Amino acid sequence: MEIPEGLRYTQDHEWVRADGTELVIGITAYAADELGDIVFVELPRPGRKLAAHEVFGVIESVKTASDLFTPVAGEVVAVNPDLTGAPELVNGEPYAGGWMIRIRPDDAAAADALLDAAAYRAVIGG
Amino acid sequence: MSLEVEQTIAAARVLIPLRDRGEEGSLGARNAVGPVLQPTLAETSTPGRRTDQVPHPPADALDGIPAAHRRAAPPALPELNEPGVVRHFVALSKLNYSVDGGFYPLGSCTMKHNPKVNEWAARLPGFAGLHPLAPDALAQGTLELMWELQGMLAEISGMDAVTLQPAAGAHGELTGILVIRAYHEARGDHDRTEVIVPDSSHGTNPATASMAGYRTVTIPSAPDGGVDLDALKAALSPRTAAVMLTNPSTLGLFERRIVELLDAVHAAGALAYMDGANMNAILGRFQPGAAGFDVMHYNLHKTFSTPHGGGGPGAGPVAVRAHLAPYLPTPLVVREADGRFRLERDGERPGSIGRVRAYQGNAGVLVRAYTYIRAHGGSGLRTVSDDAVLAANYLRARVEGAYEVPYPGPCKHEFVATARLLKEATGVRTLDVAKRLIDHGFHPPTIYFPLIVEECLLIEPTETETLEDLDAFADALIEVAREAREHPELLHEAPVTAPVRRLDEATAARHPELRWRGMTGAETPCPQ
């Protein structure tokens, strides 16, 4: 299962990628595979302030529906517009075209406290 | 007709190649059973074709309707004769699998046989022909039946009052939680904003809490499958409005610590809601109201045997203890001192949350459930549950070994098995097992629910199956497990005997086409 180096991860299977002063957030290939075929992703409006661990959206697959959790506190600056018409991007390219939200973190260093690839690999027993 | 539709129809008409399993399990082609999909009524429409026995309106029928309110063109309705319509629907019905056609062990759904005497009763003209707005004086028979049914459901649940209005289980849940909200509000207790549900709950429980304006707090299950008492106590707070429990749980297990659980809920000032989906396990054995639950809903269509799923509407009556009765939906059926029956009048019970459905609910379902209850009587209903529990335990004991049973020991009316080890050994998943069961002639059980058991099957045989039927199903499940180890390709390809193979659920959910668009423009066959 693909777990790219250089990203940060959470116990809830979100990934975080630093991009300048902003953070891009999605779910891992493992999570997407466990959920099965994704059919719907509900995302927040840009401008919304999110606390750490707050539910920022909902993801639905043919099997189940699941909450999406905010890895670090911040303000939503953009959401992936492509997921409305093509939620399957989350299955196909979870770390690229399947990204979900872009936030401006309250604390620029907050993501450093999240799991690295090796620690996340241990979480999923890989 | 658009090219796209033509292609779809052409594809649908192609005989689906079936494969036969030979003596050695080899795969060989065999002829299909026939064209399994058929054109829609619109596609078989022929201009001018009709059945003339139906009286047509007079030529001047439209004159009384102002021109501005008439449609510009006649509606695009297909034109067929009566035999064509009848054959269309009979052909479709032959593609269906129903409990009248075979065993249907869909866990949590209680697909028991629907006794035909229920249908006789529901079709009696006095019930079937009654206008929903008939004055009470003309509806005494129906009102009496409803009043008696309210009493029976109160007695069975150990509760004090019952509304028959909700149209289904989830609707009953919403009604029950709105009643709880009204109770807290009436006491000036405005700070309760949370509803606690276990992670094994039906998905409708958290959905209900959200619909009623509450925040859902999910607590984990204990290793034995029951509610984790410590987790519940930790989650309870002055913000807790209610705890929603299913007993027996969705794992088919009776909650052993029910008294402790309910004491903890009430000590926090919260109310206890029981999801009654699994009442078929406990009729005459366990009264939720007597145990301390404050409110529950029934699924009459499950427990009291009315057709459901695709087969008909449901009914989700809500039973409450006395302290919640003031808030039940209005109108209830009441009996006057002189023995006459009537509906409550507007404003008679000012605390009521109001109507939750037009008229008096799905009255035909109420008649069927009443008939079922009267046909069995109290001791008969207890036997229903005893037999349902016996059947589930028999099946559990028979398939244990071929499949892993994660919560061993006696179950109630249903049990969870898992194909987890099969998946690790063969790559065959629970979905494949379910699809292969179709080839063996059975409706698959519920799969991938409850969510807390990996690769699970939730099997509920109900009390209406014979020992031979139970054995045949157990044999099939065991045979499928053997096939998975010896010929996994059989399971990956299954089903091969069904009218359609594996449907593309993902595309259906991602890009639903909910309208047939073939009849537009010049192709529209309108009667002129």
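In what order do the seven strands of the open sheet in chain B run? The order is β3-β9-β8-β7-β6-β4-β5, with mixed pairing; strands here are DSSP E runs of at least two residues and helices are H or I runs of at least four, numbered from the N terminus, and two strands pair if DSSP finds at least two bridges between them. Because β3 (161-163) and β5 of chain B each have a single partner strand, they stand at the edges, and one side of each lacks a neighbour in the sheet. From one strand to the next, the twist averages 25 degrees.

A word on the model: it is predicted, local features need pLDDT of at least 70, side-chain atom pairs count only at pLDDT 80 or more, and totals for chains, interfaces and linings use all residues. Residues are numbered from 1 along each chain as its sequence is written, while chains are lettered from A and ligands numbered from 1 in the order written.

Now look at helix α7(B), which lies across β4, β5, β6 and β7 of chain B and runs at about 175 degrees to β4(B); angles run from 0 to 180 degrees between N-to-C directions of axes fitted to C-alpha atoms, for helices over the stretch in contact. Just after α7(B), B:Gly213 takes a positive phi of about 95 degrees.

Finally, six residues of chain B are in contact (C-beta atoms, placed from the backbone, within 7 Å) with seven residues of chain A.

Terms used: Two residues are in contact if their C-beta atoms, placed from the backbone, lie within 7 Å.
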